[in-house]
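Please read them with the structure open.

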Amino acid sequence: MLRRLTAHACRARHWLWTLLLGGGLAASFCVTRLAVPPTVAVASPALATVMVALGGSRGILAEILWWRLADLQQQSRYAEMLPLTELLVTLEPTSADAWAYNAWNLAYNLSAAHRDPAEKWRWVKRGVGLLERGLGVMPRSVVLLRQMGWLWEDKLGGTNDEAAGFYRAHLAELPPPEAAEAAAFAQRLHLAEVDWNHPRLRALYWYARAEHNPDQLRVLTALLREGGHAGLLPYFRELLDRAWPELSPLQQEQLSRFLATLPSAP
């Protein structure tokens with residue numbers, strides 16, 4: 001995430017120097033005009049008017065916002081980043097990086113700034129909500145799908161956060177997919193139903209939507225190791241056969257050893 005933010009900050013400096021040297025009009029024409037999809041809500045009519053007036057210069061403003069966000073992050077001034085991040089996703093609604101980075105900031109940095117588990121949970125939920133908004137604009141974005149999967153796997157299903165137990169006790173507050181989609185995913189896993197309050201199973205759902213096999217295999221391995229998920233074995237074997245060529249030699253070796261510990265296929 002920091003690497004992406006730094007790259008945007010470097011481009012922002014370039015545009016700022018271009019403007020200062022009198023090339024503002026030319027730079028404006030060099031930036032692709034960003035159309036706001038109808039699924040993106042603009043904060044106010046006044047902001048909508050400003051965005052139309054900016055035209056192609058919106059791209060320049062967005063890069064300057066990335067620059068400012070990088071500066072605030074280096075100073076750990078996370079709360080001050082909030083209004084800027086909201087403006088950024090409005091200016092760049094089709095930028096997966098904008099949605100993914102800002103959701104990560106909410107779920108990790110802003111939640112870490114509080115001690116009360118309930119307050120931490122509020123910020124984590126806001127991070128999930130922001131990713132859902134981004135996926136409403138770009139439902140097939142691999143960046144956003146994998147970011148959502150990682151949030152469920154690491155933040156909600158991991159043990160690094162001292163409030164992880166509190167999060168898992170309140171996962172029912174995050175609704176599952178719609179019935180038809182939930183049923184299709186259960187069928188894909190060869191299960192009668194899916195426990196949507198299990199963070200790793202929810203992570204698997206997002207990784208499966210992204211069609212990212214290494215992520216799926218990592219989560220499936222963790223699920224099978226924790227026990228109680230023998231019904232996932234057929235899908236694990238199918239996925240392993242399909243993904244084998246794209247795995248590194250080390251991954252192949254590790255998965256081969258793990259496979260040897262599993263019950264033989266009937």
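1. Exposure of His190. This is a predicted model.

2. Backbone of His190. Its phi is positive, about 65°, although His190 is not a glycine. Most residues other than glycine have a negative phi. Please look at this loop residue in the display.

3. Glu211 is not a glycine either. Its place is the loop between H11 and helix H12 (213-226).

4. Length of H11. This helix has 12 residues, so at 1.5 Å a residue it should span 16 Å. The C-alpha atoms at its ends lie 17 Å apart, which agrees.

5. Burial of H11. Is this helix enclosed or open? Of its 12 residues, 10 are buried, so the rest of the structure largely encloses it. Among the buried ones are Trp206, Tyr205 and Tyr207, along with Arg202. Pro199, Leu201 and Leu204 are buried too, as are Ala203, Ala208 and Ala210.

6. What covers H11. The cover over its buried residues includes H10 and H12. It also includes H7, helix H8 (142-156), helix H9 (164-169) and helix H13 (233-243).

7. The H6/H7 pair. The axes of helix H6 (residues 96-112) and helix H7 (residues 117-137) come within 7 Å. They cross at roughly 175°. Angles over 145 degrees count as roughly antiparallel, and H6 and H7 therefore fall in that class.

8. Residues of that contact. H6 contributes residues including Trp99, Leu106 and Leu110. From H7 come, among others, Trp123, Leu130, Leu131 and Val137. Arg126 and Arg133 of H7 also take part. The contact of H6 with H7 divides into 12 nonpolar, four polar and three charged residues.

9. The chain as a whole. There are 14 helices and zero strands. Of the 266 residues, 47% count as buried. Among contacts with a separation of 6 or more, 61% join residues 24 or more positions apart.

10. Surface. The chain exposes about 13,700 Å². Carbon and sulfur atoms supply 58% of that area.

Terms used
Residues are numbered from 1 along each chain as its sequence is written. This is a predicted model: local features need pLDDT of at least 70, side-chain atom pairs count only at pLDDT 80 or more; totals for chains, interfaces and linings use all residues. Side-chain values use heavy atoms; hydrogens and water are left out. Helices (H or I, at least four residues) and strands (E, at least two) are DSSP runs, numbered from the N terminus. Axes are lines fitted to C-alpha atoms, for helices over the stretch in contact, and angles run from 0 to 180 degrees between N-to-C directions. Angles under 35 degrees count as roughly parallel, over 145 as roughly antiparallel, 65 to 115 as roughly perpendicular and the rest as oblique. Contact means heavy atoms within 4.5 Å. Ala, Val, Leu, Ile, Met, Phe, Trp, Tyr, Cys and Pro count as nonpolar, Asp, Glu, Lys and Arg as charged, and the others, Gly among them, as polar. Buried means under 20% relative accessible area, exposed over 50%, partly exposed in between (1.4 Å probe, protein chains only). Accessible areas come from the Shrake-Rupley method with a 1.4 Å probe; for residues, only the protein chains shown count as cover. The expected span of a helix is 1.5 Å times one less than its number of residues.
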